[in-house]
Structure formats: C-alpha cells, structure tokens
Amino acid sequence: MELTGAEIFTHCLKEEGVDLIFGYPGGAVLHIYDALYQQQDVSHILVRHEQGAVHAAEGYAKSTGKTGVVLVTSGPGATNAVTGIADAYMDSVPMVVFTGQVPTSLIGNDAFQEVDTIGITRPCVKHNFLVKDVSELAETIKKAFYVAASGRPGPVVVDIPKDVTAARAEFKYPKKVKMRSYNPTVKGHPGQVKKALELILSAERPMIYSGGGVLTSGASKQLTDFTRLLGAPITNTLMGLGSFPASDKQFVGMLGMHGTYEANMGMHHCDVLIAIGARFDDRVTGNVEKFCPSARIVHIDIDPASISKNVQVDVPIVGDVGSVLKEMIKGLKESGKKLNQTALKAWWKQVDEWRSEDCLKFDRESKLIKPQYVVETLHKITKGDAFVTSDVGQHQMFTAQFYGFNKPYRWINSGGLGTMGFGLPSAMGAQLANPDSTVACVTGESSIQMCIQELGTCRQYGLPIKILNLNNGYMGMVRQWQEFFYQGRYAMSYMESLPDFVALAESYGHVGMRIEKPEDVEGAIKEALKMKDRLVFMDFITDPEENVYPMIPAGAGQNEMILV
Amino acid sequence: MRHIISILMENEAGALSRVSGLFSARGYNIESLTVAPTDDPTLSRLTVVTRGSNEIVEQIIKQLNKLIDVVKLMDLTEHAHIEREMMMIKVQVGSMESKEEVKRLSDIFRGNIIDVTPSTYTIEMTGNGKKLDAFIAALEDHPIIEVVRSGAMGIARGEKALHL
Ligand SMILES: Cc1ncc(C[n+]2csc(CCOP(=O)(O)OP(=O)(O)O)c2C)c(N)n1
C-alpha cells in the first residue's frame with residue numbers, strides 16, 4: 001500500500017499501540033497534523049508549550065511504564081522541547097520525540113525555523129535519527145521505539161523533514177528490528193549472581209539501596225520478595241520511591257541529601273551494600289571519598305556504564321534488575337541459607353535506634369501551615385493511593401519524605417535534571433493515562449509558574465488534577481541554601497509580585513482555593529478531592545522559613561547530616 | 001596511561017560527532033581521532049588515542065559501547081599491536097647542501113620525497129608517533145613550512161582482529 005510519509009507516521013504509531021501523543025503544530029509538521037486529523041486511532045493532546053508536551057509524555061510514561069510520544073515542529077518547537085528531552089534522558093524515561101524539520105533541500109541553508117535538532121539533542125538523547133528519505137521512515141520509527149524502551153530506556157528523537165512527510169512510499173511496518181550495534185544484556189551472568197549471593201550471605205550489616213531502575217524493570221515484586229526473604233533494611237532513592245512499600249517495617253526511608261537519618265547512617269555503617277537499579281548519584285553518595293567506608297558492594301544494573309562510574313564496586317551484575325533478582329531469590333531459596341541472624345538482630349537494633357531519632361519531626365503546634373503537614377494530610381486523605389507529581393525544591397523533598405508511597409509508579413518527579421516546571425504537565429500525562437485515579441501535583445509558587453500555561457490544556461481536556469501549591473513566598477530551596485551557606489543573604493530568592501493564584505485558576509475555568517490556617521488544611525483537601533471532575537488549585541500559604549531536614553551539606557559524608 | 005581504542009561504527013552521517021561529542025561532554029582527553037570507511041561500506045573504523053587512569057579508560061570504553069552506532073570496539077593497548085601514523089612534511093631546502101642533508105635524513109627515516117620544487121621538499125613518512133617526532137627534531141635547522149599528521153591508527157598482531 002503506497003502512503004505519504006505523514007500517513008506512514010500515523011500508521012506506525014498505530015502499529016506501536018500508541019493511543020495518545022502530546023504535541024504542538026507548526027509549519028514543518030502540518031502534513032503530519034493533517035494525517036492525524038483524518039484518523040481515529042491516535043489521539044493528540046494539544047499543550048500550551050512544547051516543554052509541557054515532553055513532561056506530559058514523561059508523566060504518561062512514568063505512570064504506565066509505556067513509551068511516551070511527542071510531536072513538535074522544527075526550530076523553536078524542537079528547542080522548546082529540549083529541556084523535557086534532557087529531563088527524560090536523566091531519568092531514563094522511554095520516549096520518542098518526533099520533530100519536524102525543514103525540507104531536505106533547505107537543510108543547512110539557515111532556512112526559516114531551521115535548527116540542527118540532531119546536533120542540539122545529541123548529548124541528551126539515547127539516540128537520534130534524521131529521516132532523509134520516506135522509504136526509511138517506517139523502519140526508523142520501529143527502531144526508535146525499540147531503542148527508547150529497551151535496555152536502559154531513554155528519549156529518542158526522530159527528526160523528519162517536511163518533504164519526507166509529503167513523499168510517498170510503500171508502507172510495510174517491520175515486525176521486528178535487529179540492530180547489530182545494539183543488544184542490551186538482560187540476563188545476569190550466573191557466576192556473578194553466585195558471587196553476589198556469597199558476599200550478601202556473609203554480611204553482618206547488610207543494606208539494600210534501590211533506585212528507579214527497579215521501576216523501569218517492573219521489578220517491585222521481585223525487590224519486595226528479595227528484601228523480605230533477606231530481612232535486611234532497605235532504602236530507596238528519590239527515583240525509586242514506591243518500588244518497596246514505604247509502610248513496611250524494613251523500609252528506612254529515602255537516602256541521600258535529604259534522606260532519613262536511619263537510611264544514611266545505615267549506608268555509612270553497613271558492611272555489604274546491595275545496590276539495585278541505582279546509579280550512585282552525587283545527591284545520594286555525598287562525598288564519595290567518605291561513602292560507605294566499610295562496605296563491600298554488589299551492584300545490579302542494566303547499564304554497564306553505570307557500574308563503577310562514581311563508586312568502585314566489588315561484584316557487578318549487568319542485567320535487567322527483575323531477571324537478576326529472580327535468579328537471586330531462586331539461589332537463596334535453593335541454598336536454604338540465611339543471613340547470620342544474631343548479627344542481623346544486632347544490626348536492626350542499631351537501625352531502630354537511629355530511627356528513634358525521628359529525624360522528620362516538625363513543629364505540629366505552629367500557627368503557620370507547615371508544608372510537611374499538607375503532604376502528610378494528602379497522604380492520609382488519599383490513603384497513599386494517589387498519583388503524585390512534584391516540581392523541584394523543598395516541596396519536592398517534603399513530598400518524597402512525607403507521602404509514603406506504598407505502590408510503584410505513583411511518584412512522578414524530576415530527579416536527575418531537577419526541572420522546575422515538571423509538576424503540572426507531568427500530572428496531565430498521569431491523569432490522561434489514569435483517568436479514574438486521583439492525580440495530585442505538589443508544587444511551589446515559583447516552580448508552578450514555569451509551566452503555568454498548561455492550566456489551559458487541563459481546561460481543554462477536563463483534567464481534574466489537584467494542585468497543592470506550597471506557597472512560602474520564596475524559592476524555598478534556594479533560600480534554604482542561602483540561609484545555611486551564605487549567611488542569610490537572600491539574593492533573588494524572593495518572588496515578589498506573585499499572581500493571585502485563585503483568580504488565575506478561575507480565569508482558566510478552574511476552581512481556586514486559598515488556605516491560610518493549619519486547621520483548614522484537611523477540610524480543603526477533602527473538599528477538593530470531592531470535586532471529581534474539576535481541577536482545583538489549592539494555594540496553601542505556608543511557613544516562609546521552613547527548612548528541609550535532615551540535610552547532608554555538599555562535600556560531607558552520609559553520616560554528617562544536619563538534623564532539625 | 002595512553003590507550004589506543006579502535007572502533008567499528010555504523011557508517012552513518014554524524015557518527016563521528018557522537019564520538020567526539022562524548023569525549024568533550026564527559027571531559028575525556030583526545031590525543032588524536034581518525035576515521036575512514038572500511039572494506040565493508042556500511043562500517044567506519046575510528047581510532048581514538050586517549051589518556052587516563054584505568055578507571056577513566058574503563059568508563060570511556062563503556063560509554064563508547066553505549067553509543068547506539070558503535071558496533072564493536074577494542075582497546076588495542078591490551079593486546080600486542082602495531083601502531084602507525086602518517087605524516088607529510090614540507091621543508092625549505094634553499095641550498096644544495098640542505099637538499100642533500102634533508103634527503104639523507106629522509107632516507108634514514110625511510111621517508112619518501114613526494115614533491116619537489118627548487119626551494120622545497122615534501123616528504124611522506126609513516127611510523128609511530130615517536131618516530132615522526134624524532135624526524136621533526138632531526139630536521140633541526142631546516143625550516144619546516146608545513147606538517148600534516150594523520151593521527152595514529154592501529155591493528156592487533158596475529159590472529160586477534162577487530163571485525164564482525
Ligand atoms: C528550571 C530551573 N531553574 C532553576 C532551578 C534552581 N532551583 C531549584 S529549587 C528552586 C526554587 C524552587 O522554588 P519553589 O518552586 O517555590 O519551591 P520551594 O523550594 O519553595 O518549595 C530553584 C530556583 C531549577 N531547579 N530548575
């Protein structure tokens with residue numbers, strides 16, 4: 001069957017099972033938009049800014065495990081998408097971004113709305129393709145989806161010149177792709193698995209440290225089984241929250257810069273560290289020279305380049321986390337061996353002592369609304385069952401610390417890149433993918449303004465997101481650093497002339513609420529959640545000077561936390 | 001330590017910039033980088049000479065392998081190998097004396113004079129980098145007008161080979 005490039009595009013999406021894409025039109029993609037208009041299989045969500053499209057696709061992907069799809073035009077469409085693409089790259093989100101390009105005959109001529117999209121995105125994509133001929137289009141799209149979702153996932157950009165979308169070619173969607181240059185390892189090496197088990201079983205003070213890779217792999221169950229079988233304490237990275245139930249006794253909270261005392265002390269004092277789908281990010285390790293000084297380390301990761309990058313490990317296992325954990329569980333069960341129970345008991349006694357420090361305590365008698373209390377209340381009312389997105393700053397850390405994620409794929413945030421503006425659009429993606437679930441966006445008055453225009457998208461598609469704006473009047477996280485490390489010189493961290501968020505929300509056709517007293521918090525959230533089909537913007541006026549504790553200052557070791 | 005890494009890559013537009021971009025983005029050192037198609041027109045072969053501790057070189061190799069277009073690579077420094085670089089060098093030879101002297105030096109270093117004018121000789125020479133450096137040093141007072149070097153290429157000795 002002979003089709004135009006634009007028709008091939010829509011057919012390929014259908015073949016890939018894509019039901020929803022996020023995008024914004026423009027000259028270079030008009031043929032594609034015309035083809036989209038004339039079919040029913042793929043729906044298109046019109047955002048208000050291309051950055052929003054990419055974050056929305058991330059929210060969609062992170063809440064479902066499916067690949068997010070974006071369509072933008074050439075030039076400014078592509079450059080606006082770059083922040084989102086970089087964000088998806090840092091957090092290993094499976095995504096295919098289609099960018100329009102000027103016609104092949106004009107490439108390199110500084111044509112209207114031409115940018116070197118391949119060049120600009122190269123350092124922040126898993127891979128990118130320029131489609132030079134319509135005959136290559138279908139196969140390239142097939143490869144793009146395969147690369148994006150396999151191995152360690154990531155964004156793939158497909159740059160399509162306008163003439164390619166008009167040209168005709170025989171359409172045949174390849175059933176399979178084979179790329180001789182790309183073959184991610186899935187199964188862990190049996191010898192390494194055996195070595196790892198031997199090391200783990202020799203531990204007296206074992207610690208499990210797991211990250212977003214567990215979610216990517218769909219291995220929460222295996223992680224939970226393995227952890228329970230072993231009986232060791234487990235901590236999650238910011239990206240890994242929800243992969244192990246937060247309410248489980250073995251869970252010692254998040255680790256890292258704003259991790260719990262018990263998690264960071266556990267890391268510092270353990271003798272065997274089991275790192276699973278985590279990448280030893282600097283926000284986790286603190287000063288690497290002081291990291292886990294007495295531990296021998298097992299590291300399971302699908303990306304060989306993540307192994308021994310920041311911290312040298314003793315037993316690396318390259319492979320899919322789920323598949324490796326399954327082997328390890330089998331190995332443990334078959335051998336019938338257990339950890340030294342006396343040592344483990346003593347270790348737990350120590351961990352529980354650290355836990356009794358109650359490092360997340362905050363002033364519950366305050367006359368001001370404490371941000372922690374808002375998040376805690378949200379947890380209580382939603383029974384920990386909501387999809388929660390966040391932006392970047394103190395509110396993000398409070399959400400990570402206080403929401404208590406018991407289920408995987410519920411926590412959606414920008415971990416690696418730390419992109420303010422992520423919260424609202426990613427909530428749109430999560431809401432579209434999960435229309436019957438509660439989706440909450442916990443944000444700050446500075447972050448929300450970075451993609452505030454997406455309130456229009458929410459209106460257009462009737463997305464009943466619940467926005468909890470923790471309005472402290474400051475760029476709180478910046479102010480906190482300035483208080484701690486710059487003697488309180490609050491350079492540019494105060495946001496004067498804030499909008500009236502209630503009126504702003506209402507002007508978009510949403511419901512706005514302003515909450516100023518602690519005693520009104522619970523009622524407001526309950527009321528908002530009752531409005532099942534409305535977006536509610538809750539503007540909580542919170543304690544302007546609250547800080548996030550504990551904190552590991554830059555350059556310090558994990559045992560050198562600042563506590564409340 | 002100095003490492004010579006040979007890479008087989010898909011012969012696609014932009015493949016080279018993926019490699020050079022990786023080195024600059026991650027702050028790895030590049031001493032030289034050469035690239036050309038192979039007998040298989042779908043493959044290019046790159047040779048990168050880099051320096052770094054064992055940990056860094058291990059990371060470089062992993063990151064290179066992670067590039068989707070990289071099909072296969074080999075750290076030649078881990079095996080017995082032959083390294084060659086080609087140089088073309090244009091030297092001022094005004095007097096009869098200097099003509100004779102430069103010709104003699106070139107012969108000693110097994111160079112070929114590939115272009116001659118009344119006042120210049122252009123010499124072609126291959127060898128490892130040190131030999132080429134030594135030749136440049138040996139030219140001493142003969143004014144060098146221009147030097148072009150290919151950067152190093154390498155191949156493993158014996159049965160060992162980088163191929164598909
Ligand atoms: C796009 C972007 N610009 C700047 C920053 C640096 N930054 C990190 S947190 C922060 C302040 C965030 O303030 P707000 O959204 O009000 O949240 P709060 O910390 O007060 O909870 C800033 C400016 C960033 N992360 N992202």
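These are my notebook entries on what I looked up in this structure, which is a predicted model.

**Entry 1: chain B, the overview**

I began with chain B and listed its elements, which came to 4 helices and 9 strands. Then I followed the sequence along and wrote down the pattern β-α-β-β-α-β-β-α-β-β-α-β-β. I also looked up the box that the C-alpha atoms of chain B fill, and along the principal axes it is roughly 55 × 35 × 35 Å. How many of the residues of chain B count as buried? Of the 164 residues, 42% do.

**Entry 2: a sheet in chain B**

Next I picked out an open sheet of 4 strands in chain B, with the order β2-β3-β1-β4 and antiparallel pairing. Its edge strands are β2 (32-37) and β4 (70-75), and each of them pairs on one side only. On average, neighbouring strands here are turned by 15° against each other, direction ignored.

A reminder to myself: strands of a sheet pair through backbone hydrogen bonds, either parallel or antiparallel.

I zoomed in on one pair of strands. Strand β1 (residues 2-10) and strand β3 (residues 43-51) of chain B run antiparallel and are joined by 9 bridges. To find my place there I used B:I4, which stands opposite B:V49 in β3(B).

**Entry 3: two residues of chain B**

B:D75 sits in strand β4 of chain B. Is B:D75 buried or exposed? Its relative accessibility is 5%, so B:D75 counts as buried, given that the cut-off for buried is under 20%. I also checked B:D75 against B:I61: they are 14 residues apart in sequence, and their C-alpha atoms are 8.0 Å apart in space.

Then I went to B:I114, which is found in strand β6 (residues 112-116) of chain B. With a relative accessible area of 43%, B:I114 is partly exposed.

**Entry 4: a parallel sheet in chain A**

Over to chain A. I found an open sheet of 6 strands with parallel pairing, and its order is β3-β2-β4-β5-β7-β6. The edge strands are β3 (43-46) and β6 (127-130), each pairing on one side only. Neighbouring strands of this sheet are turned by 20° against each other on average, again with direction ignored.

I followed one pairing in detail: strand β5 (residues 95-101) and strand β7 (residues 155-161) of chain A pair in the parallel sense over 7 bridges. Here A:V96 stands opposite A:V156 in β7(A).

**Entry 5: strand β17 of chain A**

Why is β17 largely enclosed by the rest of the structure? Because 6 of its 6 residues are buried. I checked both faces and found them covered. On one side A:V439, A:C441 and A:T443 are buried, and on the other A:A440, A:V442 and A:G444 are buried too.

What does β17(A) pair with? One partner is strand β15 (residues 387-390) of chain A, which pairs with β17(A) in the parallel sense over 4 bridges. In that pairing A:V388 stands opposite A:A440. Another partner is strand β18 (residues 466-471) of chain A, which runs parallel to β17(A) and is joined to it by 5 bridges. There A:G444 stands opposite A:L470.

Last, I traced the chain from β17(A) to β18(A): it passes through helix α18 (residues 455-461) of chain A, and this β-α-β crossover is right-handed.

How values were computed. Residues are numbered from 1 along each chain as its sequence is written. Chains are lettered from A and ligands numbered from 1 in the order in which they are written. This is a predicted model: local features need pLDDT of at least 70, side-chain atom pairs count only at pLDDT 80 or more; totals for chains, interfaces and linings use all residues. Side-chain values use heavy atoms; hydrogens and water are left out. Buried means under 20% relative accessible area, exposed over 50%, partly exposed in between (1.4 Å probe, protein chains only). Two strands pair if DSSP finds at least two bridges between them. A crossover is right-handed if, with the strands pointing away from the viewer, the path from the first strand over the helix to the second runs clockwise. Axes are lines fitted to C-alpha atoms, for helices over the stretch in contact, and angles run from 0 to 180 degrees between N-to-C directions.
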